[in-house]
Amino acid sequence: MCVSCEDKMEGVFPDSKVDLSLLDPVFQEYQGISGSLISIMQKAQGIYGYLPIDVLKAIADKTGNKRAKIYGIATFYAQFRLNPVGKYVILQCQGTACHVNGSEEIGNAICDELGIKPGETTKDGLFTLEDVACLGCCSLAPVMVINGEAYGKLTPVKARQAIKDIYRTEKEGAGHED
Ligand code: FES
């Protein structure tokens, strides 16, 4: 890929300024270990919550890979995020068991409650909503997971309530900081 194509591709990623020194321990851990590129990118995402453009450049430079290759991996694999995520990530199951048990209605209620669509983050940076395939707990269908906690046997009312509870908790927390 030529330099100008690389520049164009960089436009795909949102601008961000991040502390790159947080990556140092990751580079040290994988120094000289071949085939560790994906692991480095996973760890980087674990640190920043997503893969900012400056982090991708740093990974390319440190590992001696072309930036185009790193960008290609970041955009190819669904596990990698290219945008910042909210404090709470809601994974809404779209698997078969959940679908036949009303996940569409629940999804509509969640979108309405948050004012966003799947793949988006609320303006206050609190919630990111994502559609995912089977979450592996079909007996609880329909299910959503918020930051690793499963909410099963959902109804639109229950889903809305879970979100409202988090908003309330956050508000109370903010009140205590004053
Ligand atoms: S289909 Fe939703 S958890 Fe399996």
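Helices (H or I, at least four residues) and strands (E, at least two) are DSSP runs, numbered from the N terminus. The model is predicted: local features need pLDDT of at least 70 and side-chain atom pairs count only at pLDDT 80 or more, while totals for chains, interfaces and linings use all residues. Residues are numbered from 1 along each chain as its sequence is written, and side-chain values use heavy atoms, with hydrogens and water left out.

Ser103 belongs to helix H7. With a relative accessibility of 2%, Ser103 counts as buried, a class defined by a relative accessible area under 20%, with exposed meaning over 50% and partly exposed in between (1.4 Å probe, protein chains only). When neighbours within four places in sequence are left aside, Ser103 is in contact (heavy atoms within 4.5 Å) with Gln92, Cys93, Gln94, Cys98 and Pro142. Pro142 is situated in the loop between E2 and E3, and the peptide bond that leads from Ala141 to Pro142 is cis, with omega near -5°.

Two strands are taken to pair if DSSP finds at least two bridges between them. Strands of a sheet pair through backbone hydrogen bonds, either parallel or antiparallel. Strands E1 and E2 pair in the parallel sense over 6 bridges, and Ile90 stands opposite Leu129 in E2. Strand E1 (residues 88-93) and strand E3 (residues 144-146) run antiparallel and are joined by 3 bridges; Gln92 has Met144 in E3 as its bridge partner. Strand E1 is mostly covered, since 5 of its 6 residues are buried.

Most residues other than glycine have a negative phi, and most peptide bonds are trans. Asn147, in the loop between E3 and E4, is not a glycine but has a positive phi of about 45°. At 45% relative accessibility, Asn147 counts as partly exposed. Lys153 is placed in the loop between E4 and helix H8 (156-177); its phi is near 50°, a positive value in a residue other than glycine. Lys153 also counts as partly exposed, at 46% relative accessibility.

Helix H3 (residues 37-48) has 12 residues, which should span 16 Å at 1.5 Å a residue; the end C-alpha atoms are 17 Å apart, in agreement with this value. The expected span of a helix is 1.5 Å times one less than its number of residues. The buried residues of H3 are Leu37, Ile40, Met41, Ala44, Gln45 and Tyr48. Seen down the axis of H3, these residues fall within an arc of 135° and therefore line one face of the helix, the arc being that of the directions from the helix axis to the C-beta atoms. The buried residues of H3 pack against helix H2 (24-30), helix H4 (53-63) and helix H5 (67-76). Helix H3 is followed by Gly49, whose phi is positive, near 85°. In H4, the buried residues are Ile53, Asp54, Val55, Leu56, Ala58, Ile59 and Ala60, and Gly64, just after this helix, takes a positive phi of about 75°.

A search of the whole structure finds 4 aromatic pairs. One of them is formed by Phe76 and Tyr77 and is edge-to-face, at 5.1 Å centre to centre and 90° between the planes. Rings of Phe, Tyr and Trp (its six-membered ring) pair if their centres lie within 6.5 Å; planes under 30 degrees apart count as stacked, over 60 as edge-to-face and the rest as tilted. Phe76 counts as exposed, at 66% relative accessibility, whereas Tyr77 is partly exposed, with a relative accessible area of 36%. Phe76, Tyr77 and Phe80 are linked into a cluster by ring pairs.

Overall, the protein chain contains 8 helices and 4 strands, in the order α-α-α-α-α-β-α-α-β-β-β-α from the N terminus on. Of its 178 residues, 38% are buried. Among contacts with a separation of 6 or more, 64% involve residues 24 or more positions apart.
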